[in-house]
Structures are given as C-alpha cells and as structure tokens.
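Subject: Structure for you to look at

Hello,

Here is the structure I promised to pass on. Please open it and keep it beside you as you read my notes.

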Amino acid sequence: MILLKGGTIFDGKNILQGTADVLIEEGRVSKIAPSIEKEGVTEIDVSGRIICPGFIDIHVHFRDPGFEWREDIQSGSRAAAAGGYSTVVVMPNTDPPVDNAPMIEYVNSKGAMTAGARVLPSGCVSRERKGELMAELGKMAKAGAVFFTDDGSPLANTNLMRTALLYTRDMGVKIMEHPEDSYLTAKGQVNEGLASSLSGLKGMPASAEYIDIAKGIALCRETGSPIHFTHVSTRMAMEAISSAKNEGLPVTCDVTAHHLSLDENHVMVSKFNSVYKVNPPLRSQDDVKALWKHLSQGVVDAIITDHAPWHEDEKDVPFQESPFGIASLECSVAVVFDTWIKLGKPVDLSMLLSLFTRCPAQLLPDPWKKELGRLEEGCIADITVLDLDESRTVDLAKWKSKARNCPWGGELLSGWTTLTMVEGRIVDSGVESYV
Amino acid sequence: MNWRHKCLLDLDDWTREELSLFLEQANYMEELLNRPIKKVPALRGKMIVNFFFEPSTRTRVSFELAEKMLSADVVNWSASGSSVSKGETLRDTAWTLESMGADAVVMRHGAVGAADYLARKLRKASVFNAGDGTHGHPTQALLDLHSAWKKLGSLEGAKMVIVGDVLHSRVARSDIKAFSKMGVKIVLSGPATLMPRDITCLGAEYEPDPKVAVKDSHMVYLLRIQQERQRQGLIPSLDEYHVRYGATEDLLKFARPDALVMHPGPINRRVEIASEIADGNQSIILDQVRSGVAVRMALLYLCVGGGK
C-alpha cells in the first residue's frame with residue numbers, strides 16, 4: 001500500500017481545488033481525500049507537486065526485435081518510466097516487422113516482463129510492411145494491437161489506405177498514418193525553406209505532409225473510418241486537420257515534443273549536428289507557433305516523443321549520412337513543460353496535462369480507453385507525479401535508454417516528473433531505492 | 001590585426017575587415033608567384049593532408065601547389081583505395097590523421113557539414129573546407145572575390161548576377177556570403193526548379209529572366225550545370241537550358257559592356273556558356289584559376305603559419 005500525501009490532483013481533465021492524499025491498494029486507487037491516515041503504508045510526500053494519471057506516449061520505437069543494440073523492450077520500458085510515462089505504444093517497424101498476431105504476442109510477453117512502463121504493441125497495416133496487401137489486422141487486434149501503422153513510411157498506396165480504413169471501421173483500433181508524400185521528400189534531409197536554402201541540403205516541403213493528410217481526410221470522409229495522423233509538424237497540415245475536425249470527421253492527431261520546442265534554425269546554428277536530424281524535419285518558427293496555437297485550440301489529441309534511438313556509432317557521422325531520429329523519452333516531459341513555461345504558458349495547464357493522459361487514452365481501444373488516462377477512486381493505479389518547479393540538467397550518462405541521440409544533453413530544464421507508477425507499482429521515483 | 005581563424009569551414013564568421021586584409025595578403029602571395037624562385041619557407045616542417053572524397057582537379061592541384069610554395073610537407077589522401085573504401089568512418093579517419101600528426105587537413109567531401117564535423121573531431125589540426133556537398137566552397141569564393149577585386153577595385157555598390165543551378169551550388173552559397181560582405185548586390189537568375197526555396201534568407205534577390213537580371217551588372221557569374229539535372233527532370237534538356245539561360249553574346253549585350261564573366265570551372269561549353277563568351281575578352285575565368293593558388297597560399301599562411 002502506498003499513500004501519496006498532499007499533492008494537487010489532476011483527474012485527467014481538470015486540476016482539482018486544494019490538495020489531497022491518494023491511497024493505492026492492490027494496483028488500484030482506493031481512496032482520494034483531503035487527508036488520509038493509515039497504518040502500514042509507504043507514505044510519499046508529494047506536496048507542491050501534481051498527481052496525474054500515468055502519462056501515455058502513443059509513439060515510441062524500441063527497435064525490438066532486430067535492432068536491440070539501439071534499444072530493446074526492457075531498456076525502452078525503463079527509459080519510459082524514468083521519463084514519467086506509465087504506458088507507451090511501440091511502433092512495428094522492427095525486423096521482422098510486427099505484422100501478425102504471434103509478433104504482437106512477442107511484444108506483449110516481453111513487455112510483461114519489464115520493470116518499467118507498460119508496453120502496448122501496434123501492428124503494421126500491410127503485410128511485411130511493404131505497403132501492398134493488408135496484414136491480418138483482425139487477428140492482431142484480438143492479440144492486443146492498439147494501433148495499425150506502417151510508421152516510418154506512409155501508406156503511399158491510396159487504395160491500401162482506403163481498404164484498411166474500411167476494414168478496420170468497426171474494429172476499435174485506429175489506423176495511425178505517418179503523413180508524408182515520398183515523391184516530394186525523396187532524398188530530403190531538412191525542412192524546405194530556411195534550412196534547405198542555407199545548407200543546400202534537399203528540402204522536405206510542408207506540402208508533402210499536407211498532401212498525405214488531405215488524402216487521408218478525403219478517405220475518412222468517404223469511409224467514415226477514424227484516422228490518426230502522427231507527428232504532424234506544419235501549419236498547413238494542422239489547418240487541414242482543424243477544418244476536418246470542425247466538419248465532424250473522426251480525425252485525430254499528435255505532435256512531438258521536439259517539434260514543439262525546436263525549429264530548423266537548430267540545424268544551422270549547430271553547424272549540422274546530426275542530433276537534429278529527424279523526420280519529419282524540424283520546421284520553421286512559424287510552424288512551431290502554429291502547433292502551439294492549434295494545441296491551445298484543442299486540435300491536438302496527444303503529445304508524443306517518437307523516441308527513435310540509435311547507437312552512437314550510427315548517429316555520430318556527418319549530418320547528411322546520419323539516420324533520422326531523436327531519442328527523448330527521458331526528458332520529453334521536461335522539454336514540453338520547459339518550453340511551455342518559456343513561451344509564457346500559451347495553453348491551460350490542464351489542457352497540456354490532458355495531452356499526456358486522458359486524450360491519448362481516448363485514442364486507444366478498450367480496455368485501455370476506459371482504464372487509462374483518469375485518476376479517480378477505483379481506477380487503475382497508473383500515476384505520474386509532476387513537479388513544475390523542479391529544475392534539472394539532462395544527464396545522458398544516467399539514461400536507462402541505450403541511446404544518447406538527444407539534442408538536450410547538458411541542458412537545464414524545468415518541469416520534471418518525480419514518480420511513475422504502473423498498477424500501483426513504483427517504476428521510477430527519481431531515486432534508485434524505490435525501484 | 002591578429003588573424004583569429006585557425007580553420008576555414010565557411011565564410012559566415014569572417015568580417016569585411018578580415019576579407020580586405022585577406023585580399024591584400026593574397027596579392028602579396030601573387031607577387032611571390034611571379035618571382036623566379038617562388039618557394040618560401042613559411043610552412044616548413046608543417047604537415048598538410050589533402051583529403052579528397054570527390055574528384056577535383058583545380059581545387060586539389062591549387063591547394064597542393066600553394067602548400068608546396070610555402071614549403072609544407074604534403075600528403076595526398078584520396079578516398080578510393082584507402083581505409084575509407086574499407087568502410088572506415090570519418091570519425092576514425094579524423095582521429096587517425098591527428099595521430100599521424102597532421103597540422104592541417106584540406107578536405108572535400110560529398111556530405112553537407114562534413115568539414116564542420118571534421119573540425120569538431122580534431123583537437124589540434126586546422127581544417128580547410130575544399131567543398132562540402134551542396135553547402136559551401138569558401139576558398140572558391142575567396143579566389144572569385146580576389147580576381148573580381150583586382151579588376152574592379154572597390155566592390156562596394158557593384159552588382160553581381162549569378163545564373164544557373166543555385167539550388168545545388170556550394171559555390172553560389174559561399175560566393176553570396178563573400179561578395180555581399182564586401183557590399184555587392186547579388187541577383188540570382190535561372191529556372192525556378194534550380195533555385196532554393198527561400199532566397200531572401202540568403203541575402204539575395206531573384207529575377208527569373210537572365211536578360212533582365214544582368215542589366216547594369218558588373219559581374220556575370222555562370223554556374224556549372226550538371227547533366228544529372230536533366231536526368232532528374234529539373235530542366236527539360238541541356239539545349240533548352242542553353243537557349244533560355246546560357247551566357248551568349250545575345251545575353252551579354254544586356255549587361256554593362258565591361259561586365260566581367262566568371263565561372264568556377266570546369267565549364268560546359270554550349271550549356272551554361274557559349275565558347276565566344278568563355279574565350280572572349282570579358283571572361284576572367286583563367287584569372288580566377290590563377291588567383292586560386294595565391295588565395296590558398298594566403299589562407300594557409302594566415303591560419304597555419306601563424307600569419308602576421
């Protein structure tokens with residue numbers, strides 16, 4: 001039994017008045033009250049901090065199976081817990097790709113043995129992730145897949161996208177699209193605009209993201225099937241999603257911590273440090289502004305990391321030769337809150353917190369949709385405690401992740417999680433002794 | 001004035017004063033080159049490695065000549081037939097070079113930012129960017145500046161038109177930096193498919209029609225058109241390019257009668273430049289080549305030799 005004492009409660013939607021204690025018994029929240037006294041419990045003082053439903057990241061790469069030198073399900077899960085996440089969804093672009101039920105079961109069983117965050121699998125839309133024929137989506141859904149996605153690549157074949165949308169319409173598991181028109185981004189390295197013009201590197205235009213999203217919206221309208229767009233990075237795309245939502249279409253989207261906090265100038269100022277090489281590329285300052293604007297207007301459904309770990313030997317090469325990806329699970333929450341504070345808090349705190357909790361939970365199928373993302377008596381005891389006043393330097397040497405390809409190494413950030421709990425089990429406390 | 005640069009990666013952080021001082025130094029080196037005995041001992045005992053990952057003739061040869069004129073010990077290292085072709089990474093190659101005691105590395109590499117990367121990995125040696133992908137070619141810009149400056153004197157208020165494949169041109173990017181620091185107004189021209197998306201951030205203007213662009217210009221700079229651009233479908237054909245954008249007598253009559261015609265070489269006759277222009281009396285293409293050795297001597301002298 002654990003008793004969290006004297007925190008502010010965020011229930012998934014609202015920040016409640018006053019402070020409260022939260023009692024956790026047998027993996028569930030048994031009581032929330034202004035003051036709870038109980039014998040024989042582990043008491044943890046969380047005064048001055050916010051007790052939240054466990055944070056959820058619906059888009060991470062754990063490279064398992066096939067690329068375990070970059071990350072594996074165990075190291076990734078511990079990294080997620082250290083970063084404040086109690087649940088993560090792993091992408092299926094592994095080797096072999098997760099495109100059938102036994103592979104879903106592999107992720108589930110390896111995930112169940114980890115000491116960190118809960119690991120939920122996603123499955124490929126297409127067989128062998130080739131973008132041609134549908135994978136066994138129904139079997140994967142039954143085995144526990146929470147999204148279908150060919151992430152890393154878009155569903156370039158429009159007919160496949162349409163077919164998969166129709167086929168999954170009543171399955172409760174959404175298609176997650178990596179929006180990119182690969183003709184327009186071929187050989188692309190950076191955002192088309194300032195970075196491409198100054199560097200001579202091939203640009204990836206905003207239209208490449210927009211065009212795939214426009215295609216997805218048209219098919220969503222026609223099929224009535226929900227579609228989720230991941231790592232949306234441009235104003236143009238956000239405006240299209242916003243108007244689709246206003247139309248009442250079942251369209252959802254997420255943005256990454258790095259697109260909310262970094263722009264293409266970082267590539268130039270760092271003199272082409274490959275740590276800033278990511279797909280979609282870091283965009284213009286105007287795009288970053290647009291992401292925050294749409295986030296404040298409720299257009300965004302989740303904040304993700306798109307945690308993309310690489311071995312240092314793979315990433316420490318000239319920019320143009322480097323693979324795409326930023327690893328950020330262990331600092332992304334601080335990155336977002338630090339940016340939010342520096343921008344003068346352009347969004348309500350409760351709205352920002354909901355993008356780590358209730359909103360991403362709503363994107364998942366049952367039972368997670370019902371169980372996660374809320375904090376009330378009787379609910380599952382997935383809990384993240386956040387301290388907005390905590391300032392800490394990002395110390396990559398102490399990371400649980402195998403990766404170090406992180407732009408914030410050595411930076412002082414404010415707004416860290418101090419405790420992560422999964423089903424009543426403390427998976428990270430910021431202090432080794434609890435774990 | 002103390003020379004503060006140890007490396008030349010690109011010209012972003014060079015001031016106008018430094019460029020002016022540099023041009024004087026290059027003039028002095030050019031005088032040396034006209035003496036019967038050209039060699040001076042300025043870099044005696046220094047080891048310089050020329051490290052070329054891409055084919056190059058004039059840049060590599062003129063660096064090597066400059067190094068030899070200054071009495072440096074020179075090692076030429078090419079990617080093919082070396083440890084690089086065995087899969088060695090640039091990081092390991094850099095550390096190897098340093099362990100061998102190189103005082104300076106001149107590198108041409110196909111990747112943008114490769115010179116910056118090498119400079120971050122080397123603790124002691126100077127790094128000179130002899131071209132990094134489509135990004136920069138600062139010694140080309142310095143020799144272009146030197147040859148134009150010798151002809152025109154002050155460059156303040158002069159107009160330069162750069163015609164061609166700016167999108168893929170490391171020469172254009174470095175030239176824009178060098179010439180605009182000296183007060184030159186830069187206008188880019190060429191098909192929109194070969195232009196960067198954001199021309200303003202480069203500090204230049206764009207005029208699609210070269211006949212309009214070259215009006216009142218003191219310098220007309222032609223960029224090399226690679227055949228690959230036709231294969232990529234960015235231009236319909238090399239001949240159409242020549243008709244619309246090539247430097248011909250027809251085009252040059254819209255410029256100042258004394259406008260200098262410049263080209264980084266190697267030239268594609270009947271593509272970006274007609275022979276009568278390349279070989280005509282407005283062309284300073286071969287002066288540019290001559291400036292190359294003097295400019296690289298000045299650079300090595302200032303950055304490696306301790307300078308003045």
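How many residue pairs are in polar contact across the interface of domain 1 of chain B and domain 2 of chain B? The rule finds 13, with both residues at pLDDT 80 or more. Keep in mind that this is a predicted model.

First, the layout. Chain B is divided into two parts. Domain 1 covers 16-137 + 292-303, and domain 2 covers 139-288. Their centres, taken over C-alpha atoms, are 26 Å apart. Domain 1 of chain B brings 26 residues to the contact, and domain 2 of chain B brings 25.

Next, the area. Between them, the two domains of chain B bury about 2,100 Å². Carbon and sulfur atoms carry 58% of that. On the domain 1 side, B:Arg16, B:Leu23 and B:His137 lose the most area to domain 2 of chain B. Together they make up 32% of what that side buries.

Now the charges. Three salt bridges are counted between domain 1 and domain 2 of chain B.

Last, the elements on the domain 1 side. Those giving two or more residues include helix 1 (16-33), helix 2 (58-69) and strand 3 (104-109) of chain B. Helix 1 of chain B gives the largest share, nine residues. By class, the side of domain 1 of chain B that touches domain 2 has seven nonpolar, 11 polar and eight charged residues.

Best wishes

Key:
Residues are numbered from 1 along each chain as its sequence is written. Chains are lettered from A and ligands numbered from 1 in the order in which they are written. This is a predicted model: local features need pLDDT of at least 70, side-chain atom pairs count only at pLDDT 80 or more; totals for chains, interfaces and linings use all residues. Side-chain values use heavy atoms; hydrogens and water are left out. Domain bounds come from an automatic or database domain assignment. Contact means heavy atoms within 4.5 Å. Buried area is the accessible area (1.4 Å probe) that two parts lose on being put together, summed over both. A salt bridge is a side-chain nitrogen of Lys or Arg within 4 Å of a carboxyl oxygen of Asp or Glu. A polar contact is a pair of N or O atoms within 3.5 Å; within protein, one must be able to donate a hydrogen and the other to accept it, and residues adjacent in sequence count only if both atoms are side-chain atoms. Helices (H or I, at least four residues) and strands (E, at least two) are DSSP runs, numbered from the N terminus. Ala, Val, Leu, Ile, Met, Phe, Trp, Tyr, Cys and Pro count as nonpolar, Asp, Glu, Lys and Arg as charged, and the others, Gly among them, as polar.
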